[in-house]
Amino acid sequence: ARARGRVAHVQALGADAALEAHLAWGAARLRRSHGVILRPLRLRRWAGLAAGTVPDPAAAPDLLLCEGAAFLALLQQGALRRFAYELPNFALVDLAGKPATALHQGVAVDGHGAPWRLTQLVFLYDAERLARPPLSLLAMPDWARAHPGRLTHPPPRDPLGAGFLAQALYEVVAHPRVLAAPATDDNAALVTAPLWEWYGALRPHLWRQGRAFPEDAVAQRHLLARGEIDIALAATPGEGSAAIARGLLPGSVRSYVPTPGSIGGASFLVIPASAAEPEAAMLAANLFLSPEAQARAQDPAVLGSETVLDLTRLGEADRLRFAALPRGVATLS
C-alpha cells in the first residue's frame, strides 16, 4: 500500500527490444494491480556495470536486471539490498534444483538478488549455410582457419564475450578443478596461459581479422542474420527460437552446445542499496517471478528464457500454462 502511486525506475543491462517489451508488459500489469509506475531508465554510469565497475550510487535505478561480472561486483562490494526472501513468489524459485539461482560464480546470493531467468552459453548457426559446426572450442581455431572471418564474439566486457572466454578456459585447462580455487596474482597467469595460447591461434581468423568485435549480442545477431558470420553466441537455449519468431533470424537457424557441455548461470533482479523506491521495486521483482510472467518469458515468441521456478510447486493451472508453451524450432531439446 505504501508503494501505490510511486514511480520506480528500472534498468536492464544489455537489454534488447524483446526484453524492453517484456518489461513494458510487466509495467502495465504492475500499474493495474498496485498503482506503481515502472519507468525504464538508461543511466550510462550504470551501463558500465557490465564490465564489473560499480558506479557512484547516486541516481541509482530502483530495480536493475544484471548478471555476470556486473552482479558479482555489486555482490562483493555490498551495494545491494537483501530483499528476495521477502518476496511471496520467491518461495517458488527452485534454489536446490537450479543452483545458479543461489550461488553466483562461487559467491552466495543470500537474498541480495531475485533470479528471474536461467542462462546457458549456446551457439547459433544457419543450417542452410553450415552443415557441421565445430563441436568444441578446442576445435574452433582449426575451423576458423578453414573458414576465415566467419566467427566472432562480443568483447569481454559484455557477458556473452566473457562467457565465451570462460567456456574456452574450462575446455583448455588440463584439470578444470583448478578453476574452483580463488584467483590470485600468483596463480592467474599460470592458470590462464593455455587460454591465451588458444586465443592467439583463433583471433587472426575471426571476423575482421580479430581487430574489431560486435558491441553486444544484438550486433552479433545482426551479423548472423546478414550472413556475415556463420556462428553466433546466445545466452539462453531459447534465444534462437525467439529471434526467429520475431523475424530477426532466418528459420534455418539452429542451436547447439559444445560436446563437453557449456557454462550456465542466472540473471538477477537486484535493488541497489541507494534505491529511492525499494518497496515499489520489490513489487516489480515479485511480479516478474510470478508464474504468469515466468511462463510469458519462456515463450519463444517473447524471450525464450528458461524459468527459475520449481514447476512442482505451482498449481495445476500454472503448470498447464508452462506445458502448453511451444518449444521453438531452434531451441535445444
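Student: How many residues of domain 1 are in contact with how many residues of domain 2?
Tutor: 12 residues of domain 1 are in contact with 11 residues of domain 2. Contact means heavy atoms within 4.5 Å. This is a predicted model: local features need pLDDT of at least 70, side-chain atom pairs count only at pLDDT 80 or more, and totals for chains, interfaces and linings use all residues. Residues are numbered from 1 along each chain as its sequence is written, and side-chain values use heavy atoms, with hydrogens and water left out.

Student: What are the bounds of domain 1 and domain 2?
Tutor: Domain 1 covers 7–118 + 265–324, and domain 2 covers 122–256. Such bounds come from an automatic or database domain assignment. The C-alpha centres of the two domains lie 26 Å apart.

Student: What is the area buried between domain 1 and domain 2?
Tutor: About 860 Å², with carbon and sulfur atoms giving 58%. Buried area is the accessible area (1.4 Å probe) that two parts lose on being put together, summed over both.

Student: Why is Asp16 with Arg221 called a salt bridge?
Tutor: The rule asks for a side-chain nitrogen of Lys or Arg within 4 Å of a carboxyl oxygen of Asp or Glu. In Asp16 and Arg221 the closest N and O atoms are 3.7 Å apart, so the pair qualifies. Between domain 1 and domain 2 the count is two salt bridges. On the side of domain 1 that touches domain 2, the residues divide into eight nonpolar, one polar and three charged. Here Ala, Val, Leu, Ile, Met, Phe, Trp, Tyr, Cys and Pro count as nonpolar, Asp, Glu, Lys and Arg as charged, and the others, Gly among them, as polar.

Student: What makes Arg29 and Glu292 a salt bridge?
Tutor: Their closest N and O atoms are 2.7 Å apart, and the cut-off is 4 Å, so the pair meets the rule. Arg29 lies in helix α1 (residues 17–34) and Glu292 in helix α10 (residues 291–298), so the pair ties together parts 263 residues apart in sequence. Helices (H or I, at least four residues) and strands (E, at least two) are DSSP runs, numbered from the N terminus. The whole structure has 12 salt bridges.
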